[in-house]
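Open the model in your viewer and switch to a cartoon view. Keep the selection panel at hand.

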Amino acid sequence: MSLKPAMHGEDVRAHMGRELRRNSQRAVDDARQRLTSSSGTRASYDFELIDEYANSRLSGLLAVPALVLILALLASLWVSPLAAAGWAALVIVANLVVVLLCRRFKGEPPSRFNAARWTASFVAAEAVNGVCWSLLSLLWLLPADHVPLLVVMFAMALVGIAANAVLTRTLPAATLASTLPPAAAVTVSLILAGGTLNWALAAVVVGGEIFFVYLARQLHSSELETIEHQFEKDALINELEEAREMSDEARRHAEQANIAKSQFLATMSHELRTPLNAIIGFSEVLKSELLGAHAVPQYKEYAGDIHSSGQHLLNLINELLDLSRIEAGKYELNEEAVSLVDIAEDCRRMVEIRAKSKGIEFTVSYANNLPKLWGDERAIRQVVLNLLSNAIKFTPQAGKVHLMVTRSGDGGQLLSVRDNGPGIPENEIATVLSSFGQGSLAQKTAEQGAGLGLPIVQRIMDLHQGRFDLFSKLRFGTEVIATFPRARVMDALAPVVEKHSRLRIYSEAG
């Protein structure tokens with residue numbers, strides 16, 4: 001008994017040690033990832049962020065040129081269409097360079113990914129794109145109506161800043177590279193143009209740059225949280241897979257151990273039964289004094305002790321073998337039509353002598369005209385004997401044991417054994433029903449047994465699709481009920497009445 005808590009404590013300490021090592025390894029891995037990351041987060045996140053940036057740029061392959069052409073057409077109302085077209089061509093070419101770079105990144109295998117190189121390449125391309133956008137500030141130097149042109153230039157700058165900020169949100173350095181040049185160039189142009197309106201527009205451009213950079217930062221943080229949650233989910237799935245594999249491996253080991261145990265029990269039971277039968281047989285000869293009286297009277301008593309001990313050991317071996325067969329799924333029922341009342345009466349006669357020796361009042365109650373059951377007679381007999389033996393074993397001198405066989409409420413049949421013994425504490429019932437489990441009161445008695453009787457009864461009732469219930473209360477006794485289902489009751493069928501019709505032939509006189 002003292003080994004189980006120690007083993008449990010060792011398992012807890014081993015589990016805590018594994019958790020501590022896993023957490024330490026995770027902390028070291030996080031620190032290493034941050035040190036090698038180009039974004040200051042984790043190196044494994046860099047690929048996801050840049051990949052999302054490339055996807056955004058590729059999704060705007062047609063939308064950005066269309067936007068630029070619309071802005072160029074709007075600007076051509078106040079400046080030379082050729083100048084507006086030249087600016088649009090430069091911006092579209094710069095955008096195509098960024099798109100081609102993104103396609104090259106998407107075509108490269110992830111195993112060759114270099115975060116620093118790709119980040120530098122994209123930032124440089126976005127810087128060129130930003131410079132091309134900033135060239136729109138030169139439009140006000142051309143001969144035109146400058147007042148509406150400056151307003152249009154202000155609007156074009158804000159649209160470009162917003163578009164580039166959203167498309168480059170997962171790469172903060174690229175956001176600054178693509179939005180800062182046009183914002184600075186347009187702001188300077190508006191300030192140099194002079195006037196309250198232009199200065200107000202310049203302030204709005206500066207505010208717009210700050211706002212859209214802040215918005216891009218927020219979107220970057222949101223995307224980063226999404227990636228982190230995805231990585232955590234993937235890590236959790238991997239841990240669950242590892243736990244499942246460990247569980248499957250442990251189950252395989254347990255099954256192998258169970259098979260080895262069953263083989264060991266089968267082998268040992270065979271090897272032990274042969275000498276035990278010889279011991280039981282010869283001790284019975286000595287006890288009965290078939291070959292003559294003993295010179296020393298104690299020899300007869302010793303022979304009786306040897307015989308009873310051998311019988312006890314043989315019963316224990318049989319119970320172990322039965323339990324191992326049931327657990328291994330190799331306990332086969334030899335089913336036939338049996339009478340539960342007849343089996344109960346045979347078992348009562350077998351244990352009646354033991355009951356009388358303890359002064360126990362043994363009463364029975366059998367229902368009349370009970371139909372037969374479809375079941376294994378040997379297994380059912382073992383159930384009844386185990387229940388009666390337990391009742392007599394733990395009932396004190398001059399106690400009472402009542403055996404009842406009757407119909408159950410659902411139309412099946414039940415067998416009940418009730419005694420007025422010391423009872424079982426409620427918190428020990430689960431222990432008593434487990435293999436090798438014994439209650440505290442049973443451990444104090446002279447006849448302890450191995451704690452296999454009730455578990456075997458449970459499993460035999462399960463094989464018969466039945467139910468086993470134990471009800472007990474301290475100082476009031478115990479009642480055990482084995483219930484067989486309605487499907488196993490062989491009720492007599494009503495006789496089949498065949499109705500023979502008489503054929504009457506009527507003839508008419510001609």
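Select residues 377-394, helix α11, in this predicted model. Helix α11 lies across β2, β4 (400-407), β5 (413-419), β6 and β7. Its direction runs at about 20° to β5.

In what order do the five strands of the open sheet come? Trace β2-β4-β5-β7-β6; the pairing is mixed. β2 (361-366) and β6 (467-473) are the edge strands. Each has a single partner strand, so one side of each is left without a neighbour in the sheet. From one strand to the next, the twist averages 10°.

Zoom in on β6 and on β7 (residues 477-484). The two run antiparallel and are joined by seven bridges. Pick arginine 467: opposite stands threonine 483 in β7.

Finally, move to a helix pair. Select α3 (residues 63-75) and α4 (residues 81-107). Their axes come within 9 Å and cross at roughly 165°. That angle makes α3 roughly antiparallel to α4. The crossing of α3 and α4 is right-handed.

Show side chains at the contact:

- On α3, pick Val64, Pro65, Val68, Leu69, Leu71, Ala72 and Ala75.
- On α4, pick Ala84, Trp87, Ala88, Val91, Ile92 and Asn95.

Colour this α3 and α4 contact by residue type: 12 residues are nonpolar, one is polar and none is charged.

Methods. Residues numbered from 1 in each chain as written. Predicted model: local features only at pLDDT ≥ 70, side-chain atom pairs only at ≥ 80, totals over all residues. Heavy atoms only, no water. Axes fitted to C-alpha atoms, helices over the stretch in contact; angles between N-to-C directions. Helix = DSSP H or I, 4+ residues; strand = E, 2+ residues; numbered from the N terminus. Parallel < 35°, antiparallel > 145°, perpendicular 65-115°, else oblique. Left-handed = near helix turned anticlockwise from the far one by under 90°. Contact = heavy atoms within 4.5 Å. Nonpolar A, V, L, I, M, F, W, Y, C, P; charged D, E, K, R; others polar. Pairing = 2+ DSSP bridges.
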